[in-house]
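Please read the notes below alongside the sequence and the model.

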Amino acid sequence: MKPVRKARGQKVRNSNIIKRGPENRVLTSLKLQTQSLNSSLLRLLRAPFTSAMAIIVMAIAIALAGSFYVLVNNAQQLVDSLQTGKQISLFLHEKISDDEARVLAQKLLTNEAIENVNVISKQQALAEFQQYSGFGAALNALESNPLPAVIQVFPKDSLTKASQLKELLQQMQHEQAVDFAQMDMQWLARLQAIMKMANRVALILTGLLAIAVLFIIGNTIRSELQSRRDEVIVTKLVGGTNTFICLPFLYTGFWYGFISGVLAWCVISLILLTVNTPIEQLALLYQSQFQIQFLSFSESIYLLMASSTLGMLGAYTVARHQLSILKPE
């Protein structure tokens with residue numbers, strides 16, 4: 001019985017070793033990855049001047065791309081605030097009374113695309129015309145009021161596209177009581193065309209600056225790989241694969257990209273802080289509540305992720321290419 005129990009105990013211990021084996025491999029791999037990540041950072045710190053030059057150049061490129069994004073984002077916010085002042089003026093037929101105009105206004109409020117309406121009665125329209133036209137005495141000689149009632153329609157803020165506003169304008173025009181509907185669409189179409197062009201320009205510039213970052217990090221990694229050529233050759237001779245050799249350079253690219261992203265975020269925030277006060281003072285002069293929007297938390301995370309990814313991508317591409325043409329003698 002004892003040998004059987006001993007065999008069973010040995011089997012249990014062996015099964016435990018087999019179960020713990022994959023976990024040990026994972027922990028060992030994580031430990032090696034962490035050591036490689038830390039050693040890559042220490043290598044950057046040992047050459048502060050060279051590393052700082054590359055990081056500053058990359059940070060400037062990333063900051064320019066981020067600044068274009070923030071500029072377009074704030075411009076879009078300003079455009080949206082200007083569009084809140086849009087309105088459609090409905091000039092009713094002369095035979096439509098003020099009471100009928102109010103009934104029509106209540107009907108228009110049921111439209112989901114309309115935020116609010118304002119009825120200008122015939123008498124109010126005449127009083128405003130007398131006040132601002134300068135023909136007050138001449139109008140007093142008229143036997144009847146020739147001006148129609150007007151309904152001012154204010155679309156919801158969610159209607160920002162010219163096509164949506166044009167469709168709403170056509171719906172208002174089809175009302176039987178409406179003589180004609182008016183809205184100045186040209187300025188809105190021009191403004192949206194400018195914003196569309198600005199978005200595309202910002203996208204193109206961001207792409208070009210991303211390519212520049214790839215070239216900068218690629219050239220930096222190529223120089224570092226050449227300086228460690230003997231070390232790489234020895235690693236290859238003892239059986240190291242290209243993937244294993246690429247790993248430290250990949251982490252180096254990550255640190256370059258991450259640190260550059262942090263520095264770029266600081267530059268963007270400093271620029272916004274510098275221009276924030278003058279812009280707020282200018283907005284107050286125009287009685288506007290416009291405020292500069294800084295990078296949000298999620299946008300900041302995306303910036304760091306993008307810069308880190310660019311660093312790793314540039315490092316991996318160059319390292320793989322250099323290792324493929326590097327042959328041990």
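1. Surface. The protein exposes about 21,100 Å², and 63% of that area is supplied by carbon and sulfur atoms. Accessible areas here come from the Shrake-Rupley method with a 1.4 Å probe, and for residues only the protein chains shown count as cover. Of the 329 residues, 33% are buried; buried means under 20% relative accessible area, exposed means over 50%, and partly exposed lies in between (1.4 Å probe, protein chains only).

2. Basis of the model. This is a predicted model, in which local features need pLDDT of at least 70 and side-chain atom pairs count only at pLDDT 80 or more, while totals for chains, interfaces and linings use all residues. Residues are numbered from 1 along each chain as its sequence is written, and side-chain values use heavy atoms, with hydrogens and water left out.

3. Confidence. pLDDT is the predictor's confidence in each residue, on a scale from 0 to 100. Its mean over the protein is 80, and 81% of the residues reach 70 or more. A contact means heavy atoms within 4.5 Å.

4. Layout. The protein has ten helices and four strands. These are DSSP runs numbered from the N terminus: helices are H or I with at least four residues, strands are E with at least two. Along the sequence the pattern reads α-α-β-α-β-α-α-β-α-β-α-α-α-α. Of the contacts between residues at least 6 apart in sequence, 81% join residues at least 24 apart.

5. Helix α3. Which residues of α3 are buried? They are Ala101, Leu104, Ala105 and Leu108. Seen down the axis of α3, these buried residues fall within an arc of 105°, so they line one face of the helix. The arc is that of the directions from the helix axis to the C-beta atoms. An α-helix has 3.6 residues a turn, so residues three or four places apart point the same way. The face of α3 turned away from the buried side carries the exposed residues Asp99, Val103 and Gln106.

6. Asp99 is exposed, at 55% relative accessibility, and Arg102 is partly exposed, at 44%. Another salt bridge is formed by Glu175 and Lys107 (3.4 Å, N to O). Glu175 lies in the loop between α6 (162-173) and β4 (178-182) and Lys107 in helix α3, so this pair ties together parts that are 68 residues apart in sequence. Lys107 is partly exposed, with a relative accessible area of 48%.

7. Glu231 forms a salt bridge with Arg228, the closest N and O atoms being 3.2 Å apart. Through shared partners, salt bridges join Glu224, Arg228 and Glu231 into one network.

8. Helix α8. The buried residues of helix α8 (residues 229-237) are Val232, Ile233 and Lys236. They cover an arc of only 100° around the axis, which puts them on the same side of α8. These buried residues pack against α9 and α10. Asp230, Val234 and Leu237 are exposed, on the face of α8 turned away from its buried side. After α8 comes Gly239, with a positive phi near 105°.

9. Nonpolar patch. Ile56, Ile60, Leu64, Leu263, Val267, Ile271 and Val275 make a nonpolar surface patch of about 530 Å². Patches are made of residues with over 30% relative accessible area and no salt bridge; like charges are joined within 9 Å, and nonpolar side chains (Val, Leu, Ile, Met, Phe, Trp, Tyr) within 5 Å. At least two patch residues come from each of α2 (48-83) and α9 (242-285), and α9 gives the largest share, four residues. Ile271 is found in helix α9 and is partly exposed, with a relative accessible area of 41%.

Note on methods:
Salt bridge = Lys/Arg side-chain N within 4 Å of Asp/Glu carboxyl O.
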